[in-house]
Amino acid sequence: MVMKLEVVILAAGQGKRMKSRLPKVLHTVGGMPLLEHVIRTAKGLEPMAIHVVVGHGSEQVQHALAQYDINWVVQEQQLGTGHAVLQALPAIADDCVVLVLYADVPLIRLSTLKKLVQHAQAGPGLLTARVQNPGGYGRILRDAKGALVGVVEDKDATPLEREIQEINTGLVAAPHRDFVAYLPRVKRENQQGEYYLPDILSLAVDHGKTVFSCVADSELEILGVNDRIQLNQVEREYQRRQAEQLMREGVNIVDPARLDIRGSLSCGEDVSIDINVIFEGRVILGNDVSVGANCVLSDVSVADGSVIHPMSHLQGAAIGKGCSVGPYARLRPGTVLSEGARVGNFVETKKANIGPKSKVNHLSYMGDCDLGAEVNIGAGTITCNYDGVNKHQTDIGNGVFVGSNSTLVAPLQIEEQGFVAAGSTITGNVGKRELAVSRARQRNIEGWARPGTRDSKD
Ligand code: UD1
Ligand code: MG
C-alpha cells in the first residue's frame, strides 16, 4: 500500500459486562488475547506504527503483549472512544491516514480493512454492517438520498432509530487532519456523558464533507465482545473458520464443532482428527497421522504415520514416524519417541527418550530416562528418578528386557541386552547380557490350608 498508514487500537475499557477481574482485551479467543488478534490483523496492513490506547489494567495488558512493537498510549480516565483516540493523536504523523480499530472486535478480516483504508485518503469513512438484531450497537443515520449523516448510540436513540438495522462496527478510517479538525469539537452531551468517536462523522458532514461507508461482508466478522455470551459466539466462529480452513487443506475432521485449536496447527496430507480434540500452542502433524477422540496435544510434533489413540494427553513431546501412543497415555515435556516406538495405556513419561521400536505398553512411569532400540519395558515398571532432593537419570541400552512390576532406582544403567527379572527392585547397574534378579526367592509350603478351614489343624 502506497499511502502512509497508522493504526490506533482502542483497548482501554474495563469491560464491566464481562464481570471479570481480567481486563476485557486479555480474554482469549483460540487461546490468544482479543487484543492480540487485532494487532496481528493490523500488522497485515503494514502500517508505519500501531498505537494501542490502554487504561484499565494497562500494565497487565502491556506486559501480556510485550513482544509486539507497539506505541502504548495510556488513557487515565475512560471518557469514551473519541477521548481515547484524542490521546493517541499527538504521536501520529500528520500526513497519514489513521485507521481506528477496537480491541473487542477481534474477527475483523484483513480484506475488509483494506477496503476501508483504500477510500480514506479522500476523507472519513466508516465500516458498517447490516444485522438481524442491532440491539446495543450504534445505528447509522442516513438522509433521504442515502448519504451517511451520523451515528446514534443505542442508549441515545429514539424508538424509531432503534429499528434501524444498519449498525456502526466502530471501525473508522480518515486522514489525520480530519481527526485533528473534528475530535476536539466532540461534546459529551449524551446519555453516557462520554466523548463518542462516531460524532466526528456528523461534524464532518456539517462541514460539507461526504462520509463514505462500506458494509462488512458478514455479520460475524464485526461481532463485538462485551459479555461472555458474545465471547463464546466469537470463539465458536473463530474455531469454525479454522476447522473449515483445515478441511479445505485436506484434513479429515470428524466434527468441526467438536475441535478446538488454541494456537497453531499445521497438518500434512491425509491427517484425521476425531471428536473432542484440543490442540494448544504449536502443533505439527505429519502425513497420515491420526488423532483419536478426546486427546489434548500441546506443543507437540507427530511425524508421518503415527497414531495417537483416544484419551491421550501429550505436552511438549516429539513423536517420530510410525509410533503408537495411548489410549490413555500421558506424555509430559521432554518426551521423544523414535521411529516405531509404542507407549501404551496408563503410561506416564517425562524427559524420556524412547528409542526406535521400543515398547512401554502398560501402566508405567518413565521419567529422566534414555532407552535404546527395541527395549521392552514390562507392565508396571517405574523409574524412581527422584530421591526427595534431586532427579537422577536411568540409561537403558539396546535390546534390554525389563520384566513386569520392576522398580528401577536411579541413577542407574542397564547395558544392552541386559535382562531384569519381573518384580525386581534394581539399585545397581546391570551389565551387558546380565540377568538381574532382586526379589525374595519363592518358597512353597506343602499341605497348607487356611486357618479355620476343614483341613486346618486347629
Ligand atoms: C461502540 C460504539 C458503537 C458501536 C460498537 C461496535 C461508540 C461511542 N460506540 O460501542 O457505536 O456500534 O462499539 O462494537 O464508539 N474504549 C477505550 N476508551 C474509552 C472507551 C472505550 O479505549 O474511554 C475502548 C474499549 O476498550 C473497546 C472499544 O473502545 O475496545 C469500544 O468500547 P465499548 O465500551 O465496548 O463501546 P460499545 O458500547 O461497544
Ligand atoms: Mg464494545
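Select Asp104 and ligand 1. A polar side-chain atom of Asp104 lies 3.0 Å from an oxygen atom of the ligand. That is a polar contact (a pair of N or O atoms within 3.5 Å). Taken alone, ligand 1 exposes 760 Å², and the protein buries 90% of that. Such accessible areas come from the Shrake-Rupley method with a 1.4 Å probe.

A note before moving on. This is a predicted model: local features need pLDDT of at least 70, side-chain atom pairs count only at pLDDT 80 or more, and totals for chains, interfaces and linings use all residues. Residues are numbered from 1 along each chain as its sequence is written, chains are lettered from A and ligands numbered from 1 in the order in which they are written, and side-chain values use heavy atoms, with hydrogens and water left out.

**Around the ligand**

Next, select Gln75. One of its polar side-chain atoms lies 2.7 Å from a nitrogen atom of ligand 1. Then pick Ala12. Here a backbone N or O atom lies 2.9 Å from an oxygen atom of ligand 1.

Now show the whole shell. It holds 23 residues, and Gln75, Gly80, Thr81, Glu153 and Asn168 come nearest. To be near, a residue needs a heavy atom within 4 Å of the molecule. By class, the shell has 10 nonpolar, nine polar and four charged residues. Ala, Val, Leu, Ile, Met, Phe, Trp, Tyr, Cys and Pro count as nonpolar, Asp, Glu, Lys and Arg as charged, and the others, Gly among them, as polar.

Colour strand S1 (5–11), helix H3 (81–88) and strand S10 (166–175). Each supplies at least two residues of this shell. Helices (H or I, at least four residues) and strands (E, at least two) are DSSP runs, numbered from the N terminus.

**The largest pocket**

Where does ligand 1 sit? Ligand 1 sits in the largest pocket. To sit there, more than half of its atoms must lie within 2 Å of the pocket's grid points. A pocket is found on a 1 Å grid over the protein atoms alone: it is an open set of points where a 1.4 Å probe fits, with protein on both sides within 12 Å along at least five of seven lines, and lining residues have an atom within 4 Å of a point.

About 1200 Å³ of space lies in the largest pocket. A volume is the space filled by probe spheres set on the points, which are joined across faces, edges and corners. Select the lining: 39 residues, of which Arg17, Thr81, Asp104, Glu194 and Asn226 lie nearest the centre. S1, H3 and S10 are the elements that give two or more residues to this lining. S10 gives the largest share, three residues.

**The second largest pocket**

Move to the second largest pocket, with about 390 Å³ of space. Of its 17 lining residues, Tyr238, Arg241, Gln242, Gln245 and Gly263 are the closest to its centre. Select helix H8 (228–248), one of the elements that supply at least two lining residues. H8 gives the largest share, five residues.

**Backbone stops**

Go to Gly326 and Pro327. A cis peptide bond joins them, with omega about 0°. Pro327 is in the loop between strand S22 (324–325) and strand S23 (329–331). Tyr328 is in the loop between S22 and S23 too. Its phi is near 60°, a positive value in a residue other than glycine. Most residues other than glycine have a negative phi, and most peptide bonds are trans.

Last stop: Ala410 to Pro411. This peptide bond is cis, with omega near 0°. Find Pro411 in the loop between strand S33 (407–409) and strand S34 (412–414).

Technical notes: A polar contact is a pair of N or O atoms within 3.5 Å; within protein, one must be able to donate a hydrogen and the other to accept it, and residues adjacent in sequence count only if both atoms are side-chain atoms.
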